[in-house]
Amino acid sequence: EASDRLARQLAAVNRLDHIISSSLDLDEIFRAFAEESQKIIPFDRQSVALVEGDQVRVLATEIGVKTVFGAESVFSLRGGVTEAVVKSGQPLIRRDLVAEEHYPRDRQFIQAGLRSEVLVPLAIKGRALGTFNVNSCQVGAYSEKDLPILQALADQLAIAIENARLYEAERQARQVAEALRDATATLVSSL
């Protein structure tokens with residue numbers, strides 16, 4: 001059974017690699033990523049928390065649960081569990097959210113029926129991008145044995161996020177350059 005599980009995980013990771021390399025749209029990548037990763041590790045809610053200055057933008061997929069945060073939300077980085085994981089650079093397993101409730105948004109997760117979670121840092125070359133998170137309605141749904149596959153997923157996702165961000169920055173720079181070129185041409189032609 002362990003070898004079957006490993007084979008399924010590797011096959012899903014390979015599919016994820018293909019998905020990630022075929023798109024530069026973050027929302028599209030995340031939707032496909034959530035669908036494939038559900039085959040690897042069960043979750044009731046999966047999210048990516050992207051650090052943007054002192055804010056966190058969360059993209060989430062909720063299966064069977066509805067939190068007040070929905071599919072996309074923005075909140076302060078300060079004092080939250082995302083900040084703790086980003087600062088430590090280490091994954092965090094929370095086996096029982098009720099017993100371990102001490103972060104600002106824990107109450108909303110508990111009220112939605114979520115009971116356990118794992119947060120894994122997303123980083124590129126030592127630079128923190130945010131966290132990859134899975135939540136379950138079951139207490140103790142995740143353990144240390146889940147960390148290697150979750151870290152592998154987070155590493156793939158971090159690369160996809162970085163590629164999408166670089167592409168978007170390059171696209172915006174190209175638009176600015178084209179606008180400057182057009183303005184210069186207009187100015188020169190009017191002389």
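**Group meeting talk: a walk through a predicted model**

Let's start at Thr67, which sits in the loop between strand E2 (55-62) and E3. Thr67 counts as buried, at 10% relative accessibility; buried here means under 20% relative accessible area, exposed means over 50%, and partly exposed is in between, with a 1.4 Å probe and protein chains only. And which residue has its C-alpha atom 6.7 Å from that of Thr67? That's Gln108, 41 residues apart from Thr67 along the chain.

Now some ground rules. This is a predicted model, with local features needing pLDDT of at least 70 and side-chain atom pairs counting only at pLDDT 80 or more, while totals for chains, interfaces and linings use all residues. Residues are numbered from 1 along each chain as its sequence is written, and side-chain values use heavy atoms, leaving out hydrogens and water.

How confident is the predictor? pLDDT is its confidence in each residue, from 0 to 100. The protein chain averages 85, and 98% of the residues score at least 70. Confidence is lowest in helix H1 (residues 2-21), with a mean of 75, and highest in strand E4 (residues 92-94), at 97.

Okay, the overall layout. The protein chain has five helices and six strands. Going along the sequence, the pattern reads α-α-β-β-β-α-β-α-β-β-α. The C-alpha trace spans about 75 × 40 × 30 Å along its principal axes. Of the 191 residues in the protein chain, 42% count as buried.

On to the sheet. In what order do the six strands of the open sheet come? They go E3-E2-E1-E6-E5-E4, and the pairing is antiparallel. Two strands pair if DSSP finds at least two bridges between them. At the edges are strand E3 (72-76) and E4, each pairing on one side only. From one strand to the next, the twist averages 20 degrees, where axes are lines fitted to C-alpha atoms, for helices over the stretch in contact, and angles run from 0 to 180 degrees between N-to-C directions.

E4 is joined to strand E5 (residues 116-124) by three bridges, and the two run antiparallel. Here you can find Leu92 opposite Leu119 in E5. Next, E5 and E6 pair over nine bridges, again in the antiparallel sense. One place to look is Leu122, whose bridge partner in E6 is Gly130. Then E6 is joined to strand E1 (residues 45-52) by six bridges, running antiparallel. In this case Ser47 stands opposite Asn133 in E6.

E5 and E6 also make a hairpin, with two residues between them. Is Lys125 buried or exposed? Lys125 is exposed, with a relative accessible area of 88%.

E6 itself is another story. Eight of its ten residues are buried, so E6 is largely enclosed by the rest of the structure.

Now for the aromatics. The rule is that rings of Phe, Tyr and Trp (its six-membered ring) pair if their centres lie within 6.5 Å; planes under 30 degrees apart count as stacked, over 60 as edge-to-face and the rest as tilted. That gives a count of one aromatic pair. Why is the pair of Phe33 and Phe132 called edge-to-face? Their ring planes are at 85 degrees, with the centres 5.5 Å apart, so edge-to-face it is. The pair links distant parts of the chain, with Phe33 in helix H2 (residues 26-37) and Phe132 in strand E6 (residues 127-136), 99 residues apart. Phe33 is buried, at a relative accessible area of 0%, and Phe132 counts as buried too, at 1%.

That takes us to H2. This helix has twelve residues and reaches 16 Å from its first C-alpha to its last, close to the 16 Å expected at 1.5 Å a residue; the expected span is 1.5 Å times one less than the number of residues. Its buried residues are Leu26, Ile29, Phe30, Phe33, Ala34, Glu36 and Ser37. As background, an α-helix has 3.6 residues a turn, so residues three or four places apart point the same way. And on the face of H2 turned away from its buried side, you'll find the exposed residues Arg31 and Glu35.

Definitions and conventions. Helix = DSSP H or I, 4+ residues; strand = E, 2+ residues; numbered from the N terminus. pLDDT = per-residue confidence, 0-100.
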